[in-house]
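Let me put the model up and walk you through it.

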Amino acid sequence: MFDSVTHKIQLQSYFDGIGFERWSAIYNGQAKLSHIRRTVREGHELMLNQAASWLLESRTSGTLLDAGCGTGLFSLMMAQRGFKVTAVDIAPRMVEAAQTTAEQIGLADRIRFTQGDIESVSGRFDAVVCFDVLVHYPRESFERLCATLAGQCDGPFIFTYAAYNRFLASLHWLGGWFPKNHRRAEIQMMPDSVVAGALAVAGMRVRRTVNINHGFYHVRLLEAARD
Ligand SMILES: C[S@@+](CC[C@H](N)C(=O)[O-])C[C@H]1O[C@@H](n2cnc3c(N)ncnc32)[C@H](O)[C@@H]1O
């Protein structure tokens, strides 16, 4: 039976260990990468730029929750634009890296960093974003996390998920053949109907979606709004 607590602890340990090495190199534009990971960096950058343009269409200031902020790329972008950001991540090394960058570029006073679980965040925000986090949660946890974040959001809620696609399904299948210690955090494909259902629980509906497919980076970016 799926144990959501153990699963979360495993994700935390991955993103604070080998996952930190991998993803911080991908998110750091200067680090040298293989061709495959370069496509992931480029795809992720396309996704963040699209999300930023959706968010800025709705609002140009206010409070923003960056749930699962990683090394803080989006938090920093939006703090620079004038948002008051709360940046939360379960992996201590991710939060430390994000905070160090914010201090180096003089944005630390506009971002409140917290190391912790996004399910434990309290408060309401003008906007909430959650990029490449929910992709790691299977249906039961996905629904709960998605509804929790939507419930804390007054304005746009923008996030990514892994919609079913054949390419992703085959990567997933191939991943099953690697020895366990080489495997990345699993990607969990989610039917659109499950996503819409989780949003509806919190009184939100899908406003628009776009698929970001670039090399080895494949996500669906979604913006939800209040009814
Ligand atoms: C692939 S990274 C994405 C980082 C960032 N959102 C971005 O797109 O640049 C996924 C991040 O989600 C974080 N994460 C996963 N589950 C979480 C949870 N329950 N609460 C807070 N952070 C979580 C991980 O620690 C990791 O930093």
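When I say helix or strand, I mean DSSP runs, H or I of at least four residues for helices and E of at least two for strands, numbered from the N terminus. Residues are numbered from 1 along each chain as its sequence is written. This is a predicted model, so to speak of local features we need pLDDT of at least 70, side-chain atom pairs count only at pLDDT 80 or more, and totals for chains, interfaces and linings use all residues.

Okay, the ligand. Helix 1 (4–16), helix 2 (18–27) and strand 2 (83–89) each supply at least two residues of the shell around it, and the largest share, 3 residues, is from helix 1.

Now strand 2. 6 of its 7 residues are buried, so the rest of the structure largely encloses this strand. Buried here means 20 or more other C-beta atoms within 10 Å of a residue's own, with C-beta atoms placed from the backbone.

What does strand 2 pair with? Strand 1 pairs with strand 2 in the parallel sense over 6 bridges, and strand 3 does so over 5 bridges; pairing takes at least two DSSP bridges between the strands. In strand 2, Val88 is the bridge partner of Ala67, while Thr86 stands opposite Arg112 in strand 3.

Definitions and conventions: Buried ≥ 20, exposed ≤ 12 C-beta atoms within 10 Å, placed from the backbone.
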